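Work through the exercises below with the coordinates open. Each task is followed by a solution in steps.

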Amino acid sequence: MSKRDSTRLLKPTLLVVGALVAGVIVVFAVNGALAFMSDTGGAPSAMEGDGGGGVIQLPGTWSGSEWYSPELRDEGFEYKNASAGDEVEFVPKEMNNSTLPENENRRELVQYGREIFANTSNEMPNHVGNELSCANCHGGGDLPTTTGMVGQDIDMIPLVGTAAGYPEWTGRTERMRDMRQRIMGCFLRSMDAPGSPEGVPAYDSREIQAMESYMVWLNKGTPSQKVPYWRHIRKPEGDEKVNVTEANPVRGAELYLENCASCHGADGQGTPGQYPPLWGEGSYNDGAGMGRLYTSAGFIREAMPYGTAHTFTDWRDVHDVAAFMNGHKRPHLPRQPKDWAESGAPDEGIYYQRVQERFGYDMNPMTKKLMIAGIPIGSQEINQSVIPDNVDRYDQPLRDVEVNGSWQTTWIRTYEDHDNGWSTNETESNNSTSTDAQELIGAAIDGGSSQQAS
C-alpha cells in the first residue's frame with residue numbers, strides 16, 4: 001500500500017473516532033447536568049435500577065385549588081372591597097356561537113339553564129315556593145337592575161369559576177355533595193321548594209342538568225382549579241364579629257328605612273320584577289344560608305345597596321341590618337332541625353332552636369327584640385314612628401324580658417297545602433321526628449349518593 005493510500009484511510013478513521021469520543025463526552029455532560037439539576041430541584045431525575053433505560057420521575061405534588069390573579073390578593077383584593085370596581089374591570093362572557101358548545105343538544109341545555117337561573121320562579125313554578133329567582137343573589141338575568149347574564153355580575157355573588165369547586169364538603173350533614181346536589185339544596189332552602197306543588201326537582205331532571213350545564217359553561221375559559229378572588233362572601237372575622245346576643249335589630253330597622261326600603265319596600269316585600277322580598281311568604285325559608293346572621297351581614301356589606309356596595313362601612317351597621325331582616329317571619333323548612341345534627345348549628349343560625357337555647361332564649365333573639373320594641377315581624381309596612389327613641393337599649397341581650405312567643409313564632413307554613421313528599425312537617429319543639437322524605441332530603445341533597453337523589 002502506498003503512502004498516499006494510507007493517508008486516505010487515516011482521515012475517515014480519525015473522523016469516526018473523533019465523533020464517537022465527542023458523543024461519549026456529550027452523554028456524560030448531559031447526565032451530569034441532569035444529576036446536578038435533580039439535586040437542586042431544577043428538573044426531574046432518572047430512576048436507577050430500571051434495567052438501564054432511565055425512567056423519568058414525575059413530581060410528587062400537584063397543585064389543587066389556588067387563587068389566580070395573585071397580584072390582586074397582594075393589593076388587598078382577597079375579597080370584594082370598596083375600591084375593587086375602580087381597579088378591576090370585569091367583562092361578562094357573551095353567549096354566542098363562538099362560546100356555546102358545538103353539539104346542539106349541549107348548546108340547547110346551556111341556554112335553557114340560563115333561562116332557569118334568570119327566571120327561576122317563572123320557569124319552574126311547580127318547584128319554587130316563593131317569588132325568588134337565582135338572579136336575585138347571583139345577579140344578571142332578566143333583572144333590569146343588574147349587569148351581564150345571570151351569575152356574571154361581580155357586584156353580587158358571581159358564579160364564574162365556581163364549578164371547579166365541586167364536589168364540595170357540606171357541614172350541614174357532614175357529607176360531600178356534587179354540583180347538582182348543591183343546586184337542589186338551593187331549591188330546598190332559598191327557593192322554598194317544600195312550599196311548591198311538586199317540591200325539589202329530581203337529581204336527573206332536565207332542569208337540574210340544564211342548570212349544571214350553564215354553571216359549567218360559565219366556568220369555561222377560567223383557569224382549571226383556580227379560584228377567582230370574588231368566589232366567597234367575606235364574613236366578619238375576629239373583632240369584626242358582633243356577638244349574636246348584642247346585634248341590634250331595632251337600630252337595624254332605622255338603617256333599613258334609610259338605605260334599603262326604597263328598593264325592598266317598607267314592608268320588606270320588594271318590587272316585583274326588580275327587587276326580591278326579604279321576608280314573608282315570598283322569601284327564602286328559615287333553613288337558607290341567607291338566614292344566618294354573619295352570612296347575610298357579609299352579603300349586605302359586599303353587595304348592598306346594589307350599585308353602591310360598601311355604603312355600610314361599619315361591620316356593626318351590617319350586623320344590625322341583617323338582624324332586622326332575619327328577625328321576621330318566613331317559611332319554615334320541615335327538615336331544618338336536622339341540620340348540623342353532629343356538629344351543632346353555628347352561632348349565626350338564629351332561626352335554629354338549638355342556637356336560641358345556647359344563648360338562653362326560647363325564640364329567635366332578633367325576633368324577641370323587635371317584639372319588645374313593638375316593631376312588626378310580619379309583612380306590615382313600618383315607618384320611623386314605630387321605632388323607639390332609645391334604640392341603644394337593644395344592644396343588650398334582653399333575655400329576661402317577657403314576650404308572647406316561642407321558637408315557632410317566625411314560622412310561615414306555606415307547605416301545608418302541598419302533598420309533595422318534601423313538605424311533611426312533624427317538627428316538635430323537642431327537636432323533631434324524622435320522615436322518609438326528610439331522610440331523603442338529607443342524604444341526597446346535602447351530600448348523599450346520586451341514586452338516592454334521583
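The exercises concern a predicted model and go from the whole chain to single residues.

**Exercise 1. The chain as a whole**

Task: State how many helices and strands there are in the protein chain, and what share of its residues is buried.

Solution: 
- Step 1. The secondary structure comprises 16 helices and eight strands.
- Step 2. Of the 454 residues, 49% are buried.
- Step 3. Among contacts with a separation of 6 or more, 69% are between residues 24 or more positions apart.

**Exercise 2. Helix α8**

Task: Compare the end-to-end reach of α8 with the expected value, then find which of its residues are buried and what covers them.

Solution: 
- Step 1. α8 spans residues 206-219, which is 14 residues.
- Step 2. The expected span is 1.5 Å times one less than the number of residues. For α8 the expected value is 20 Å, and the distance from its first C-alpha to its last is close to this, at 20 Å.
- Step 3. The buried residues of α8 are Ile-208, Ala-210, Met-211, Ser-213, Tyr-214, Met-215, Trp-217, Leu-218 and Asn-219.
- Step 4. The cover over these buried residues includes α4 (104-118) and α7 (179-188).
- Step 5. After α8 comes Gly-221, with a positive phi near 95°.

**Exercise 3. Asp-339**

Task: Decide whether Asp-339 is buried or exposed, and identify the side chains with which its own side chain makes polar contacts.

Solution: 
- Step 1. Asp-339 lies in the loop between β7 (330-331) and α13 (353-358).
- Step 2. Its relative accessible area is 0%, so Asp-339 is buried, the cut-off being under 20%.
- Step 3. The side chain of Asp-339 has a polar contact with the side chain of Arg-335 at 2.6 Å and another with that of Arg-189 at 2.9 Å.
- Step 4. Leaving out residues up to four places away in sequence, Asp-339 touches Arg-172, Arg-189, Tyr-352 and Arg-354.

**Exercise 4. Cysteines**

Task: Count the disulfides in the whole structure, then check Cys-186 and Cys-263.

Solution: 
- Step 1. The search returns zero disulfides.
- Step 2. For Cys-186, the nearest cysteine sulfur belongs to Cys-134 and is 6.8 Å away; a disulfide requires sulfur atoms within 2.5 Å, so Cys-186 is in none.
- Step 3. For Cys-263, the nearest cysteine sulfur is that of Cys-260, 8.5 Å away, and Cys-263 is likewise in no disulfide.
- Step 4. Cys-186 is partly exposed, with a relative accessible area of 26%. Cys-263 is partly exposed at 25%.

Methods: Residues are numbered from 1 along each chain as its sequence is written. This is a predicted model: local features need pLDDT of at least 70, side-chain atom pairs count only at pLDDT 80 or more; totals for chains, interfaces and linings use all residues. Side-chain values use heavy atoms; hydrogens and water are left out. Helices (H or I, at least four residues) and strands (E, at least two) are DSSP runs, numbered from the N terminus. Buried means under 20% relative accessible area, exposed over 50%, partly exposed in between (1.4 Å probe, protein chains only). A polar contact is a pair of N or O atoms within 3.5 Å; within protein, one must be able to donate a hydrogen and the other to accept it, and residues adjacent in sequence count only if both atoms are side-chain atoms. Contact means heavy atoms within 4.5 Å.
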